[in-house]
Amino acid sequence: MKRLILLSLAAFAVTGPAFAATACSTAPEAQWQPQAKLEAMLKTQNLTPVQIKVENGCYEVYAKDASGKRVNAAYNAQTLAQVDNAEAGEN
């Protein structure tokens, strides 16, 4: 049993960084993904963008899901990877 727990912890330690939050981009704006690409990505996730703001290397998204519920999320402007903290770009 201890061996199983140790193996599980070791596996998590190796894969843990893959699940870590992505920070906002520090790259120049010329290297960012276009906002239209983010909008298309959101639509494939059944989200309707209401407003998208640019803040410190993140796209901060205000959207509605299929049921009309408000959704607030942040995405790295360079990679479009979702950031765990929806308020990541704010000061």
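Modeller: The predictor's confidence in each residue is given by pLDDT, on a scale from 0 to 100. For this chain the average pLDDT is 82, and 71% of the residues score at least 70. Over residues 4-20, however, the pLDDT is below 50, and beyond near neighbours in sequence this stretch has 0 contacts in the model (a contact means heavy atoms within 4.5 Å). Where pLDDT is low, the predicted coordinates should not be read in detail.

Because this is a predicted model, local features need a pLDDT of at least 70 and side-chain atom pairs count only at pLDDT 80 or more, whereas totals for chains, interfaces and linings use all residues. Residues are numbered from 1 along each chain as its sequence is written, and side-chain values use heavy atoms, with hydrogens and water left out.

The strands form an open sheet of 4 in the order 1-2-3-4, with antiparallel pairing (two strands pair if DSSP finds at least two bridges between them). Strand 1 and strand 4 each have a single partner strand, so they stand at the edges, and one side of each is left without a neighbour in the sheet.

Now to the aromatic rings themselves. A search of the whole structure finds 1 aromatic pair (rings of Phe, Tyr and Trp, the last by its six-membered ring, pair if their centres lie within 6.5 Å; planes under 30 degrees apart count as stacked, over 60 as edge-to-face and the rest as tilted). The partners are W32 and Y59, placed edge-to-face at 6.2 Å centre to centre, with 75° between the planes. This pair links distant parts of the chain, 27 residues apart, since W32 belongs to the loop between helix 1 (2-15) and helix 2 (35-44) while Y59 lies in strand 2 (residues 58-64).

L80, found in the loop between strand 3 (70-76) and strand 4 (82-83), is in contact with Q33, K37, L38, M41, Y59 and Y75, leaving aside its neighbours within four places in sequence. L80 counts as buried because its relative accessible area is 8%, and its C-alpha atom is 9.5 Å from that of P34, 46 residues apart along the chain.

Turning to strand 2 and its partner, strand 1 and strand 2 pair in the antiparallel sense over 7 bridges. They form a hairpin with 2 residues between them, where N56 in the turn has a positive phi of about 50°. E55 lies in strand 1 (residues 48-55) and has C58 of strand 2 as its bridge partner; E55 counts as buried because its relative accessibility is 17%. K53 stands opposite E60 in strand 2, and a polar contact of 3.2 Å joins the side chains of K53 and E55 (a pair of N or O atoms within 3.5 Å; within protein, one must be able to donate a hydrogen and the other to accept it, and residues adjacent in sequence count only if both atoms are side-chain atoms).

Technical notes:
Buried means under 20% relative accessible area, exposed over 50%, partly exposed in between (1.4 Å probe, protein chains only).
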